[in-house]
Structure formats: structure tokens, C-alpha cells
Amino acid sequence: MKVFWLLLAVLLTCLTIGGLMSAAKGADGPSVIGDLVISALLGAGALGSWKRVKS
């Protein structure tokens with residue numbers, strides 16, 4: 001089961017990094033805010049998954 005959580009953590013981490021990169025080159029304010037909100041949610045999920053891998 002740890003393999004599942006590890007793969008999920010890696011996927012969510014990559015998506016978080018992609019969202020932050022998208023926010024950095026964002027064109028308008030609402031788009032940047034939306035990218036940052038989604039990145040925060042994905043980052044929280046990644047942290048939770050990493051905690052499951054360690055336990």
C-alpha cells in the first residue's frame with residue numbers, strides 16, 4: 001500500500017510544481033489566484049500523502 005501513497009505523493013508534488021510555474025507566468029489576476037489556490041490544495045494533498053508514506 002505504501003507504493004500507492006508514494007506514487008500519489010509524487011504525482012501531487014509534480015502537479016503542485018506545475019501549478020506554481022503556471023502561476024508565475026500567469027497573464028491576469030484571477031488566473032494567478034486560481035493557480036495558487038489549486039496549487040495550495042494539491043500541495044496539501046501531497047503533504048498528506050508523504051505523511052502516509054512515512055508512517
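Predicted model: local features only at pLDDT ≥ 70, side-chain atom pairs only at ≥ 80, totals over all residues.
Q: What makes Ile33, Val37, Ile38 and Leu41 a nonpolar patch?
A: Patch members need over 30% relative accessible area and no salt bridge, and nonpolar side chains are joined within 5 Å. Ile33, Val37, Ile38 and Leu41 form such a patch on the surface. Together they have about 400 Å² of accessible area.

Q: Why is Leu41 called exposed?
A: The cut-off for exposed is over 50% relative accessible area. Leu41 has 60%, so Leu41 is exposed. Leu41 is found in helix α2, residues 29–54.

Q: How do you know whether Lys54 is buried or exposed?
A: Lys54 has 73% relative accessibility. Exposed starts over 50%, so Lys54 counts as exposed. Lys54 also lies in helix α2. Its C-alpha atom is separated by 19 Å from that of Leu42, 12 residues apart along the chain.

Q: Why is Ser49 called buried?
A: Buried means under 20% relative accessible area. Ser49 has 3%, so Ser49 counts as buried. Ser49 is placed in helix α2.

Q: Which residues does Ser49 touch, not counting residues up to four places away in sequence?
A: Ser49 touches Trp5, Leu8, Ala9 and Leu12.

Q: What makes Phe4 and Trp5 an aromatic pair, and of which kind?
A: Ring centres must lie within 6.5 Å. Those of Phe4 and Trp5 are 5.2 Å apart. Planes over 60 degrees apart count as edge-to-face. Here the angle is 70°, and the pair is edge-to-face. A search of the whole structure finds one aromatic pair.

Q: How many helices and strands does the protein chain have?
A: The protein chain has two helices and zero strands.

Q: How do you know that the protein chain is more spread out than a compact globule?
A: The globule rule gives 10 Å for 55 residues. The radius of gyration is 13 Å, well over that value, so the chain is more spread out than a compact globule. Its C-alpha atoms fill a box of roughly 40 × 15 × 10 Å along the principal axes. Of the 55 residues, 20% count as buried.

Methods. Residues numbered from 1 in each chain as written. Heavy atoms only, no water. Phe/Tyr/Trp six-rings, centres within 6.5 Å; stacked < 30°, edge-to-face > 60°. Patch = residues over 30% accessible without salt bridge, like charges linked within 9 Å, V, L, I, M, F, W, Y side chains within 5 Å. Areas by Shrake-Rupley, 256 points an atom, 1.4 Å probe, with all protein chains shown as cover. Salt bridge = Lys/Arg side-chain N within 4 Å of Asp/Glu carboxyl O. Helix = DSSP H or I, 4+ residues; strand = E, 2+ residues; numbered from the N terminus. Buried < 20%, exposed > 50% of the residue type's maximum accessible area, 1.4 Å probe, protein only. Rg over C-alpha atoms; globule rule 2.2 N^0.38 Å. Contact = heavy atoms within 4.5 Å.
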